[in-house]
Amino acid sequence: SMGMLAETGSGQGGPPPTEFDDFHGGGGGDPEDRGASRRNSLTGIVVLMCASVMTFSAFLSAVIVRRGLGTDWRHVPLPAIFWWNTGVLLLSSVVLDAARRQLRHGSRVAFNWLWLGGTVLGVGFLVGQVIGWEQLVDQGFHLQGNISSSFFYILTWAHATHAIAGLLALGYVAVQAFRFQMGPAKRTWVTVSVVFWHFLDVLWLGLMALFLAWF
């Protein structure tokens, strides 16, 4: 009846959808449980980033010690494509963060395409890294050729491994978004993925500074 429709607003009852509802209009679950799950996920990514920082710090310590031991440290020319790769990586973060904001505002189609664009840029970064490694090999810098080139490959490969893990998360979110299945748990993936991708930016900028100063 009209009276019942007036009481329920939409005729379906229940509170209006929130930013945590999925694309079908119902998030489900206890809000406290969702909040706890979100906090656990964010805590987990912080722990992962701390572990990554410790790993790269160990690499940095090894570089400092080995570089100071002798005169066999050979200059590694940084191919120009690594500068382009840096720009692509930073741009991907900007696009992904814009997508996250669109999702919070309920612009779901905009989120889908922006997120896909950021993911494609992330793939482009990795492709550029492979091209850069091939250019170094063509110039005679191999993994086992000189200690400086060995460290260069180890550091960039370690970062690429992290980037691959990040891209798997980005790809998962992209698939779920285009399937219109972005419930609370998957929206937490959005936040976690963006935070980790921003972390990769900072890590890569630190590596570039290291390459310019000591390689």
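Predicted model: local features only at pLDDT ≥ 70, side-chain atom pairs only at ≥ 80, totals over all residues.
How much space lies in the second largest pocket? I started my notebook with that one, and I found about 170 Å³.

**Entry 1: the pocket**

I looked up what surrounds this space. The second largest pocket is lined by 11 residues. Nearest its centre I noted Ile 45, Ala 169, Trp 189, Val 192 and Ser 193.

Next I wanted to know which helices supply the lining. Helix H2 (31–67), helix H5 (147–178) and helix H6 (184–214) each give at least two residues to the second largest pocket. H6 gives the most, with 6 residues.

I then sorted the lining of the second largest pocket by class. I wrote down 7 nonpolar residues, 4 polar ones and no charged ones.

**Entry 2: salt bridges**

How many salt bridges does a search of the whole structure find? My search turned up 2. I kept in mind that side chains of opposite charge can pair when their charged atoms come close.

For one of them, I found Arg 100 with Asp 97, where the closest N and O atoms are 3.2 Å apart. Asp 97 also forms a salt bridge with Arg 101, and there the closest N and O atoms are 2.6 Å apart.

**Entry 3: where the partners sit**

I checked the positions in the chain. Arg 100 and Asp 97 both lie in helix H3 (residues 81–104), 3 residues apart, which is about one turn of the helix. Asp 97 and Arg 101 are 4 residues apart in helix H3, so about one helical turn separates them as well. My reminder to myself: an α-helix has 3.6 residues a turn, so residues three or four places apart point the same way.

Is Asp 97 buried or exposed? I have it down as buried, because its relative accessibility is 17% and the cut-off for buried is under 20%. Arg 100 is partly exposed, with a relative accessible area of 23%. Arg 101 is partly exposed too, at 39%.

**Entry 4: helix H4**

Last, I traced helix H4, which covers residues 108–138 and has 31 residues. From its first C-alpha to its last, H4 reaches 45 Å. That is close to the 45 Å expected at 1.5 Å a residue. I also looked at what comes after: H4 is followed by Gly 140, and I noted that the phi of Gly 140 is positive, near 95°.

Key. Residues numbered from 1 in each chain as written. Heavy atoms only, no water. Salt bridge = Lys/Arg side-chain N within 4 Å of Asp/Glu carboxyl O. Buried < 20%, exposed > 50% of the residue type's maximum accessible area, 1.4 Å probe, protein only. Expected span 1.5 Å × (residues − 1). 1 Å grid on protein atoms, 1.4 Å probe; cavity = no way out; pocket = protein on both sides within 12 Å on 5 of 7 lines; lining within 4 Å. Points joined across faces, edges and corners; volume = space filled by probe spheres on them. Nonpolar A, V, L, I, M, F, W, Y, C, P; charged D, E, K, R; others polar.
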